[in-house]
Amino acid sequence: MSSSPRTHAAPAATPTNACAVTPAGAAWLTSAETYPQGLLADWRARPTAPAVLPCGTVFDVVSVDAVFGRRMVDRLWHEGPGSGPVATHRGRVLLFTAPGTARRLPSLLRWEEWGPAVPSLLCHGAGDAVTVPPLTPRHDPDDRLASRWLVAPDTRSPRLPGPEVVLWACVRAARTAARSAVRISIFPRGDQSAKVYDVSRRR
């Protein structure tokens, strides 16, 4: 079987810039905490420091192998509805998804014929916490494992993909990998960690 995103009307605009978290995006992220205002004040005082946030209420996070994860994001933006916030951390891609995705996605993949072709996913939901990148990006070309945003939060109500959309992206990325090793078009040649998202057209 093959899944398709529920909002698959037209390909999303190719993003072009998404380096830093906006104030509205920071407010959304910290709303996952019990005392968001205190965390937000601390984070704004140290904007280049990462933070640890709980999953399961405001968002879930799906952590994917870096190359496969970038293929998924490419498919979401070029053939699907776009994505919610996306980050990298310690060589993996973190997709911020709708709450409940972490619980449902593994079972959906087990039923999908392309599931075995999907590299191991780490699904973080209720009871888990993840490290999220700083509000302001740190420019350290020597730190290739540093946390950074590929699609930074820019609104208090981001449109987060659910398990069916993430499954669709997994299947499309697996098919792409099976056909050939293709260059990931949203990342310019020579700088595969570049921020190239235009989130102003995401909503």
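Residues are numbered from 1 along each chain as its sequence is written, and side-chain values use heavy atoms, with hydrogens and water left out. Because the model is predicted, local features need pLDDT of at least 70 and side-chain atom pairs count only at pLDDT 80 or more, whereas totals for chains, interfaces and linings use all residues.

The protein contains five helices and seven strands, where helices (H or I, at least four residues) and strands (E, at least two) are DSSP runs numbered from the N terminus. Along the sequence these elements follow the pattern α-α-β-β-α-β-β-α-β-β-β-α. Of the 203 residues, 49% count as buried, a term that means under 20% relative accessible area, with exposed over 50% and partly exposed in between (1.4 Å probe, protein chains only). Among contacts (heavy atoms within 4.5 Å) between residues at least 6 apart in sequence, 83% join residues at least 24 apart.

Two packed helices are described by the angle between their axes and the distance between the axes. For helix H4 (residues 101–111) and helix H5 (residues 163–179), the axes come within 9 Å and cross at roughly 45°; these axes are lines fitted to C-alpha atoms over the stretch in contact, and angles run from 0 to 180 degrees between N-to-C directions. H4 and H5 are therefore oblique to each other, since angles under 35 degrees count as roughly parallel, over 145 as roughly antiparallel, 65 to 115 as roughly perpendicular and the rest as oblique. On the H4 side the contact is made by Thr101, Arg104, Leu105, Leu108 and Leu109, and on the H5 side by Pro163, Glu164, Val166, Leu167 and Cys170.

Arg75 lies in helix H3 (residues 66–78) and, at 14% relative accessibility, counts as buried. Leaving aside residues up to four places away in sequence, Arg75 touches Gly80, Trp168, Arg172, Ala173 and Thr176. Its side chain also makes a polar contact with the side chain of Asp74 (2.2 Å), a polar contact being a pair of N or O atoms within 3.5 Å, of which, within protein, one must be able to donate a hydrogen and the other to accept it, with residues adjacent in sequence counting only if both atoms are side-chain atoms.

Arg90, by contrast, is exposed, with a relative accessible area of 66%, and is found in the loop between strand S3 (86–89) and strand S4 (92–97). Most residues other than glycine have a negative phi. Phi of Arg90 is near 55°, a positive value.
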